Amino acid sequence: MLKNKTQKELLQLCRTIIQPLAPNFHKGQSGKIAVIGGSEDYTGAPFFASHSSALLGADLSHIICEKMASPVLKSYSPDLMVHPYLYELQSPEMKEHLSKSEVDALLRLTVEDVVVKDQRQLDEIIEDVILPKIVGLLERIDIVVIGPGFGRDPLMLKTLVKIIEQLKVMNKPMILDADALYLLSIDPSLVKNYSKAIITPNVVEFDRLAKKLNVKFSINETDVSNLIESSINLSQKLGNVTVIQKNFKEIMVRDGEYLINELEGSNRRVGGQGDTLTGAIATFVNWSNNYNDGLWDPTSKKDKLSSEDSNLLACFAASSTVRLAASKAFAKYGRSMQTSNVHEFLGKAYDELFENDNYIKL
């Protein structure tokens, strides 16, 4: 149904999966989003992901982060719910469970040893201390973003492995970005054949995954047909999970189908823009899932979208919104543009694309 449609036609079709603001909906039905990320060193990334999901219409936005990151994240905005349920190896709380020599030994492990091999000490801490609170929260969540600002601490990475495994058992949709993609480049089996997984690699992350999975790809590639081919191949190697390659044009692939976003964005590249996109994807994909579940009666009941097409359109809608917001922010701030400026324009970009009758120029 999406094949050969123009950008304008795709944007019009995106309106089908936009969840309406209905008086009979209760709090939470427009989206309960959780972002799992944030460490002592990196707090901006999970904030931008969670904040963008909220700005675009998710009712409830949670962040599950490392304990030392929590006070900082709580200070950014009272609109987000911050849960300090994660720990790094050198967190003070870990002194109750590990001696200094044990911590030092674990810190010397390679990432491969941490992720792929059994680590009984870490597993016991995760199962007994960390997971119980997290699982209790995730049971109430609709869709989960994993990885922004997570870092490479062994205990954090092993926890992330356990969380991904738990989410698959719970059959929850998940979006993997940033450090979760690094984890995936070590062990692609983590999401292989899991149809509810979405990965959002930039060119460097895509290159790392392509090398792991023997997919032909060049970081400097500018031929769109080659980028499409590499995205399809990567998706297939992972069992047809959804792949969004963040490049000069965003390429979205699912089950062999693909969309290309050609909307003008910003040539300014600044940290946090990818996290903004990830949060936007979470909100739109959750709406598409609600559309598939029949939460509301669509305006047009003709040609009901398949779940695959609606999910792909949701990714296209999120990409379009963030690209337009970035374009508007760059027009105002130029080279001084920051990701927080992009967030200023998310609402306007959304309205222009999906609420107004006049389309932007394409």
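Predicted model: local features only at pLDDT ≥ 70, side-chain atom pairs only at ≥ 80, totals over all residues.

Reader: What makes helix 2 "mostly covered"?

Author: The count does. Of its 12 residues, 9 are buried. Buried means under 20% relative accessible area.

Reader: How do you know that the span of helix 2 is close to the expected one?

Author: Compare the two values. From first C-alpha to last, helix 2 (residues 44-55) reaches 16 Å, and 16 Å is expected at 1.5 Å a residue. Just after the helix, glycine 57 has a positive phi of about 130°.

Reader: What about helix 10: which residues are buried there?

Author: Leu227, Ile228, Ser230, Ser231, Ile232, Leu234 and Ser235 are buried. They pack against strand 6 (197-199), helix 9, strand 7 (242-245), strand 8 (250-254) and strand 9 (257-261). Helix 10 covers residues 224-237 and reaches 20 Å, close to the 20 Å expected. Glycine 239 follows the helix, with a positive phi near 85°.

Reader: Why is phenylalanine 25 called buried?

Author: Its relative accessible area is 16%. The cut-off for buried is under 20%. Phenylalanine 25 therefore counts as buried.

Reader: Where is phenylalanine 25, and what does it touch?

Author: Phenylalanine 25 sits in the loop between helix 1 (7-14) and strand 1 (32-36). Setting aside residues up to four places away in sequence, it touches Gln19, Pro20, Leu295 and Trp296.

Reader: Why is valine 270 counted as buried?

Author: The reasoning runs through the cut-off again. Valine 270 has 16% relative accessibility, and buried means under 20%. So valine 270 is buried. It lies in the loop between strand 9 and helix 11. Beyond its neighbours within four places in sequence, valine 270 contacts Met337, Gln338 and Thr339.

Reader: Why does asparagine 202 count as partly exposed?

Author: Asparagine 202 has 29% relative accessibility. Buried is under 20%, exposed is over 50%, and partly exposed is in between. So asparagine 202 is partly exposed. Its place is in the loop between strand 6 and helix 9.

Reader: Which positions does UniProt place under "binding site"?

Author: The unreviewed UniProt entry places that feature at Gly149, Asn202, Val203, Val204, Glu205, Phe206, Asp207, Arg208 and Asp275. From this set, Asn202, Val203, Glu205 and Asp275 belong to the lining of the largest pocket.

Reader: What makes a residue part of the lining of the largest pocket, and which lie nearest its centre?

Author: A lining residue has an atom within 4 Å of a pocket point. In the largest pocket, 28 residues form the lining, and Asn247, Glu250, Arg269, Gln273 and Gly274 lie nearest the centre. About 730 Å³ of space lies in this pocket.

Reader: Which helix gives the most to that lining?

Author: Helix 12 does, with 7 residues. Helix 9 (203-212), helix 11 (273-292) and helix 12 (307-333) each supply at least two.

Reader: How do the lining residues divide by type?

Author: There are 8 nonpolar, 11 polar and 9 charged residues in the lining.

Key: Residues numbered from 1 in each chain as written. Heavy atoms only, no water. 1 Å grid on protein atoms, 1.4 Å probe; cavity = no way out; pocket = protein on both sides within 12 Å on 5 of 7 lines; lining within 4 Å. Points joined across faces, edges and corners; volume = space filled by probe spheres on them. Helix = DSSP H or I, 4+ residues; strand = E, 2+ residues; numbered from the N terminus. Nonpolar A, V, L, I, M, F, W, Y, C, P; charged D, E, K, R; others polar. Expected span 1.5 Å × (residues − 1). Buried < 20%, exposed > 50% of the residue type's maximum accessible area, 1.4 Å probe, protein only. Contact = heavy atoms within 4.5 Å. UniProt positions renumbered as here; feature names shortened; annotations may be inferred.
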